[in-house]
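The sequence and structure are shown first.

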Amino acid sequence: MADRHSSVRAPSAVFEPVATHGRATLVARRISDAIGLGLLVDGERLPSEPQLAGALGVSIATVRDALTILRERELLRTQRGRGGGSFVQAPGEIAVAVLEARLLGTALVDLRDLCDHYGAVAGMAAKLAGERAADDDVGLLRGAIDELEAAGSLAARYRAAARCPVEVAAAAQSAQLTGAVIALQTEVGPLVGLAYRDDDGHREAVRRQRAIADAIADADGERARTTTEEHAGELYRRARDLHREMRSRR
C-alpha cells in the first residue's frame with residue numbers, strides 16, 4: 001500500500017509537455033529547476049534525446065538545444081559511447097544557486113500570482129480530500145509528512161515537501177486536480193523551496209502539513225482548504241522576504 005500513489009509524485013511532472021514559446025529555453029528551465037529541487041540528482045542519467053522529445057512534446061532539435069544550454073551552465077555533462085548519455089552535474093551548492101537564480105529572476109507580482117494560484121488549486125484538493133479520503137490515504141499523507149520531518153539535506157526536504165500536496169490531491173480522488181497540483185509543483189517548488197531551507201522554516205513546514213493532514217483525518221474539508229490556503233500565503237511571504245534580502249545583497 002505504501003507505494004499506491006508513487007506514480008503521481010512531483011518528479012513525473014518534470015517531463016510533461018511544455019508550451020510552444022521558446023521551447024528550448026522552457027525545456028532547459030524545467031530540467032534546471034528539477035536539478036535545483038533535487039528531483040534530478042547529481043550523476044543521474046537523463047532519458048535519451050528521443051525519449052525526452054516524446055515526453056515533452058517537442059522536436060529532438062529542441063531537446064538538443066536545451067541540453068546545450070544546460071551544458072553551458074555546467075548543469076549537465078555528456079558522455080559518448082556505450083553507456084553514455086547526458087548526466088546531471090550538480091553538487092549541493094550548485095543546486096542551491098540554481099534555485100536562488102530562479103527566485104531572483106521572478107518578479108514579486110508574478111510570485112504572488114503563482115502562490116495565489118497554487119493556494120486555490122491545492123486548497124480545493126485539500127477540501128475534497130477532507131470529504132473523500134480513506135484511512136489509507138491519510139496514512140500515506142502522514143507518511144509523507146514523516147519523511148519531510150526526517151529529511152536532513154535540502155534536496156531531501158524539497159522532494160518530501162513536493163510529495164505532501166500530491167498525496168493530498170491523490171486523496172481527493174480527482175485525476176484532474178492531481179495533475180494540476182503536480183504541474184504546479186514544478187513552478188512553485190523552485191520559487192519557494194528556498195524559503196524553508198533553514199531549520200526553523202523546516203519545522204514550520206512540517207507543522208503546517210500536519211495541520212492539513214489532521215483536518216483531512218477529521219473529515220473537515222473546509223478547515224483543510226483554509227489551512228492549505230494559509231500555508232500558500234505563508235510560502236509567498238517567506239519567498240518574498242528572501243527575494244528582497246537577496247536583492248539587497250547584490
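1. The model under discussion is predicted. Helix α3 covers residues 60–72, a run of 13 residues. The distance from its first C-alpha to its last is 18 Å, close to the 18 Å expected at 1.5 Å a residue.

2. Burial along α3 involves Thr62, Val63, Ala66, Leu67 and Leu70. Viewed down the axis of α3, these buried residues fall within an arc of 135°, so they line one face of the helix.

3. After α3 comes glutamate 74, with a positive phi near 60°. Glutamate 74 takes this value of about 60° although it is not a glycine. Most residues other than glycine have a negative phi. The location of glutamate 74 is the loop between α3 and β1 (76–79).

4. Is glutamate 74 buried or exposed? Its relative accessibility is 53%, and because the threshold for exposed is over 50%, glutamate 74 counts as exposed.

5. Glutamine 173 is located in the loop that lies between α7 (154–171) and α8 (175–192).

6. With a relative accessibility of 53%, glutamine 173 counts as exposed.

Key: Residues are numbered from 1 along each chain as its sequence is written. This is a predicted model: local features need pLDDT of at least 70, side-chain atom pairs count only at pLDDT 80 or more; totals for chains, interfaces and linings use all residues. Side-chain values use heavy atoms; hydrogens and water are left out. Helices (H or I, at least four residues) and strands (E, at least two) are DSSP runs, numbered from the N terminus. The expected span of a helix is 1.5 Å times one less than its number of residues. Buried means under 20% relative accessible area, exposed over 50%, partly exposed in between (1.4 Å probe, protein chains only). The arc is that of the directions from the helix axis to the C-beta atoms.
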